[in-house]
Amino acid sequence: MSGPRPVSITLSVRQRGALEQLGRCQTASVRLARRVAVLLALADDPCLERVAAGQGLTRVSVRLWRDRWLAAADRLGGAEADGVSEPDLLVMIEAALDDAPRPGGPATFSPEQIVAIVALACEPPSKSGRPISHWTHAELADEVNKRRIAESISSRSVGRFLKGSGPSAAQEPLLAQRQPARSRGLSSAIDGGL
């Protein structure tokens with residue numbers, strides 16, 4: 001039974017050299033090194049199943065990176081024809097193998113703001129001139145807005161930040177508790193079949 005012919009990728013000598021250099025680079029991310037290995041394997045064997053099995057990946061992952069390379073191939077070939085330098089070619093290849101933008105909007109609060117909010121929650125409310133003994137989410141949000149830690153924040157957002165930084169220790173003991181020793185008489189009566 002035959003299926004469609006596998007789509008092969010063709011690497012120029014410079015592209016193969018750049019990919020091999022990226023694959024050997026000690027500071028390259030694991031993701032980049034894996035993607036480079038996939039492309040080099042696909043250049044030698046266009047069969048997705050064999051490359052996926054050899055790389056320990058799924059067929060879908062191998063196809064994704066093959067298709068991403070094919071989409072960038074014309075741009076890379078054009079840059080090579082224009083005489084792009086080796087460092088610039090490496091940058092272009094890394095950009096082609098970089099993660100695609102993720103969906104969703106940018107974060108509303110920076111990590112520094114979140115840390116400042118959590119630090120404020122650790123302070124006693126009396127230090128901020130609040131006549132309460134414990135912070136509520138509404139009081140914290142009001143104080144964050146008053147101190148201009150954030151332009152505007154709701155009590156719900158404050159609660160989310162504090163919930164996310166809650167205790168990471170288990171609520172129940174992880175080790176078995178020692179049971180009190182039974183009296184010998186009761187123990188032997190139970191063992192004797194009473």
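Read from the N terminus on, the elements of the protein chain run α-α-α-α-α-α-α-α-α, which comes to nine helices and zero strands, where helices (H or I, at least four residues) and strands (E, at least two) are DSSP runs numbered from the N terminus. This is a predicted model, in which local features need pLDDT of at least 70 and side-chain atom pairs count only at pLDDT 80 or more, while totals for chains, interfaces and linings use all residues. Residues are numbered from 1 along each chain as its sequence is written, and side-chain values use heavy atoms, with hydrogens and water left out.

Of the 194 residues in the protein chain, 27% are buried, a term that stands for under 20% relative accessible area, with exposed meaning over 50% and partly exposed in between (1.4 Å probe, protein chains only). The accessible surface of the chain comes to about 13700 Å², and 55% of that surface belongs to carbon and sulfur atoms; the areas come from the Shrake-Rupley method with a 1.4 Å probe. Among contacts (heavy atoms within 4.5 Å) between residues at least 6 apart in sequence, 54% join residues at least 24 apart.

Helix α3, residues 48-55, shows how burial is arranged around a helix axis: Leu48, Val51 and Ala52 are buried. These residues lie on the same side of α3 because they cover an arc of only 100 degrees around the axis, the arc being that of the directions from the helix axis to the C-beta atoms. An α-helix has 3.6 residues a turn, so residues three or four places apart point the same way. The buried residues of α3 pack against α2 (30-44) and α4 (59-81), whereas Arg50, Ala53 and Gly54, on the other side of α3, are exposed. Just after this helix, glycine 56 takes a positive phi of about 70 degrees.

Helix α1 (residues 13-24) packs with helix α5 (residues 86-96) at an angle of about 75 degrees, their axes 10 Å apart; axes are lines fitted to C-alpha atoms, for helices over the stretch in contact, and angles run from 0 to 180 degrees between N-to-C directions. This makes α1 roughly perpendicular to α5, a class that spans 65 to 115 degrees, with angles under 35 counted as roughly parallel, over 145 as roughly antiparallel and the rest as oblique. Arg14, Gln15, Ala18, Leu19, Gln21 and Leu22 of α1 make the contact with Glu86, Leu89, Leu90, Ile93 and Glu94 of α5.
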